[in-house]
Amino acid sequence: MANQFEIRSLDQLMAILDGGNFHTEVMDGHSDLMAALVDHQAEFGGKPKGEMTLKITYQRQKSGDLQITGEVKFTKPKSPPAMGAAFIGDDLQLTLESPMLSKMRGGVRDTSGDTPARPIRAAE
């Protein structure tokens, strides 16, 4: 026959750590991780991944009692690195101006005065 004081489930074990506060910490962190996964996928797409690591340590004391400690760690999905684009100018400095545009400026000429105006036809 089972003793009424036996700890027979993980829930019961976690409930004795810090008077139940550890269980609350684990479940709050779990909820935060689920929200982070949903938010990350909405913002960046893909298949975000997270992790919860639960560590329970037991140490038998000289008096015969058992010291139980619990640690929890959550790893949320990483955001992609910040990105931008620039060009290397002729003076070897970063610039937002494309070297192709600066080369085109020297070679592009205004042809608006070279071509005679044509009459506009009506659509048929």
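I began at Asp-18, which I found in the loop between helix H1 (10-16) and H2. The model is a predicted one, and I read each entry below with that in mind.

I looked up the backbone of Asp-18 and noted a positive phi of about 50°, although Asp-18 is not a glycine. Is Asp-18 buried or exposed? Asp-18 is exposed, because its relative accessible area is 60% and the cut-off for exposed is over 50%.

I then looked for other charges around Asp-18. Asp-18 gathers with Glu-25, Asp-28 and Asp-32 in a patch of negative charge on the surface. Of these I checked Glu-25, which has its place in helix H2 (residues 21-44). Glu-25 has a relative accessible area of 43% and is therefore partly exposed.

**The overall order**

I stepped back to list the elements. The protein has three helices and four strands. Read from the N terminus on, the elements run α-α-β-β-β-β-α.

Next I followed the strands. How do strand S1 (residues 51-60) and strand S2 (residues 66-75) pair? They pair in the antiparallel sense, over 10 bridges. I picked out two pairs of residues across the strands. Met-52 has Phe-74 in S2 as its bridge partner, and Lys-55 stands opposite Glu-71 in S2.

I looked at the turn as well. The hairpin of S1 and S2 has five residues between the strands, and Gly-64 takes a positive phi near 105° there.

**The salt bridge**

How many salt bridges does the structure hold? I found one. Side chains of opposite charge can pair when their charged atoms come close. Here the side chains of Arg-8 and Glu-6 meet, at 3.1 Å from N to O. I noted this as a salt bridge because the cut-off is within 4 Å.

I compared the two partners with the limits for exposure. Arg-8 counts as exposed, because its relative accessibility is 65%. Glu-6 has a relative accessible area of 35% and is therefore partly exposed.

**The nonpolar patch**

Which residues form a nonpolar patch on the surface? Ile-88, Leu-92 and Leu-94 form it, and together they have about 390 Å² of accessible area. I took the three residues in turn.

- Ile-88 is found in strand S3 (residues 87-88). Ile-88 is exposed, because its relative accessible area is 58%. I also checked a distance from Ile-88 to Pro-99: the two residues are 11 apart along the chain, and their C-alpha atoms are separated by 7.9 Å.
- Leu-92 has its place in the loop between S3 and S4. I noted a positive phi of about 65° for Leu-92, although Leu-92 is not a glycine. Leu-92 is exposed, because its relative accessible area is 68%.
- Leu-94 lies in strand S4 (residues 94-95). Leu-94 counts as exposed, because its relative accessibility is 69%.

**Closing entry**

I set the two patches side by side. Asp-18, in the loop between H1 and H2, belongs to the patch of negative charge. Leu-92, in the loop between S3 and S4, belongs to the nonpolar patch. I noted a positive phi for Asp-18 and a positive phi for Leu-92.

Definitions and conventions:
Residues numbered from 1 in each chain as written. Predicted model: local features only at pLDDT ≥ 70, side-chain atom pairs only at ≥ 80, totals over all residues. Heavy atoms only, no water. Patch = residues over 30% accessible without salt bridge, like charges linked within 9 Å, V, L, I, M, F, W, Y side chains within 5 Å. Areas by Shrake-Rupley, 256 points an atom, 1.4 Å probe, with all protein chains shown as cover. Lys, Arg positive; Asp, Glu negative; His and termini not counted. Charge placed at Lys NZ, Arg CZ, Asp CG, Glu CD. Buried < 20%, exposed > 50% of the residue type's maximum accessible area, 1.4 Å probe, protein only. Pairing = 2+ DSSP bridges.
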